[in-house]
Amino acid sequence: MRAYVPTTALVKAVTFDDALMHVTLTDGRIVSVPIIWFPLLHAAASEQRSHYEIGAGGRSLHWAELDEDISVAHLLAGADHTST
């Protein structure tokens, strides 16, 4: 089975609160996921979390300092994140 490749749900911005990462998409949706799903982000300081890059034309997020990469398709997969 091939992964979903978004064409309209592209990353516009990322914010964090104490427990969640909120990813704002260009189609207007906000996808909120538990930070604990991403151990490197969970352990990072808020300053480190704020240093992200949007890559692949909006289809991925990258934290160079943390060596963390997350795809929009991964976020949209929801609870199945551990199966990848």
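Start at the hairpin of S2 and S3: four residues lie between the strands, and Gly28 there takes a positive phi near 100 degrees. The model is predicted, so local features need pLDDT of at least 70 and side-chain atom pairs count only at pLDDT 80 or more, while totals for chains, interfaces and linings use all residues. Residues are numbered from 1 along each chain as its sequence is written, and side-chain values use heavy atoms, with hydrogens and water left out.

**The whole chain**

Zoom out. The chain has three helices and six strands. Helices (H or I, at least four residues) and strands (E, at least two) are DSSP runs, numbered from the N terminus. Along the sequence the pattern reads β-β-β-α-α-β-β-β-α. Of the 84 residues in the chain, 32% are buried. Buried means under 20% relative accessible area, exposed means over 50%, and partly exposed lies in between (1.4 Å probe, protein chains only). The chain exposes about 5200 Å², and carbon and sulfur atoms supply 55% of that area. Accessible areas come from the Shrake-Rupley method with a 1.4 Å probe; for residues, only the protein chains shown count as cover.

**The sheet**

Select residues 11-16, 20-25 and 30-34. These are strand S1 and strand S2, then strand S3. They form an open sheet in the order S1-S2-S3, with antiparallel pairing. S1 and S3 stand at the edges with a single partner strand each, so one side of each has no neighbour in the sheet. On average, neighbouring strands are turned by 20 degrees against each other, direction ignored. The axes behind that angle are lines fitted to C-alpha atoms (for helices, over the stretch in contact), and angles run from 0 to 180 degrees between N-to-C directions.

In general, strands of a sheet pair through backbone hydrogen bonds, either parallel or antiparallel. Here, two strands pair if DSSP finds at least two bridges between them.

- S1 and S2 pair over five bridges, and a hairpin of three residues joins them.
- Thr15 stands opposite His22 in S2.
- Val11 has Leu25 in S2 as its bridge partner.
- S2 and S3 are also joined by five bridges, with Thr24 opposite Ile30 in S3.

**Leu20**

Stay in strand S2 and pick Leu20. Is Leu20 buried or partly exposed? Leu20 counts as partly exposed, at 28% relative accessibility. Not counting residues up to four places away in sequence, Leu20 touches Thr15, Ser32, Val33, Pro34 and Ile35. Contact means heavy atoms within 4.5 Å. Next, draw a C-alpha to C-alpha distance from Leu20 to His42: it is 9.4 Å, across 22 residues of sequence.

**The aromatic cluster**

Select Phe16, Tyr52 and Trp63, which ring pairs link into a cluster. Rings of Phe, Tyr and Trp (its six-membered ring) pair if their centres lie within 6.5 Å; planes under 30 degrees apart count as stacked, over 60 as edge-to-face and the rest as tilted. The count comes to two aromatic pairs. In one of them, the ring centres of Tyr52 and Trp63 are 6.2 Å apart and the planes stand at 50 degrees, so the pair is tilted. Tyr52 lies in the loop between helix H2 (46-49) and strand S4 (53-55), and Trp63 in strand S5 (residues 60-63), so the pair ties together parts eleven residues apart in sequence. Trp63 is buried, at 0% relative accessibility. Tyr52 is partly exposed, at 24%.

Finish on Arg49. Arg49 lies over the face of Phe16, 5.5 Å from the ring centre. A charge sits over a ring if NZ of Lys or CZ of Arg is within 6 Å of the ring centre and within 35 degrees of the ring normal.
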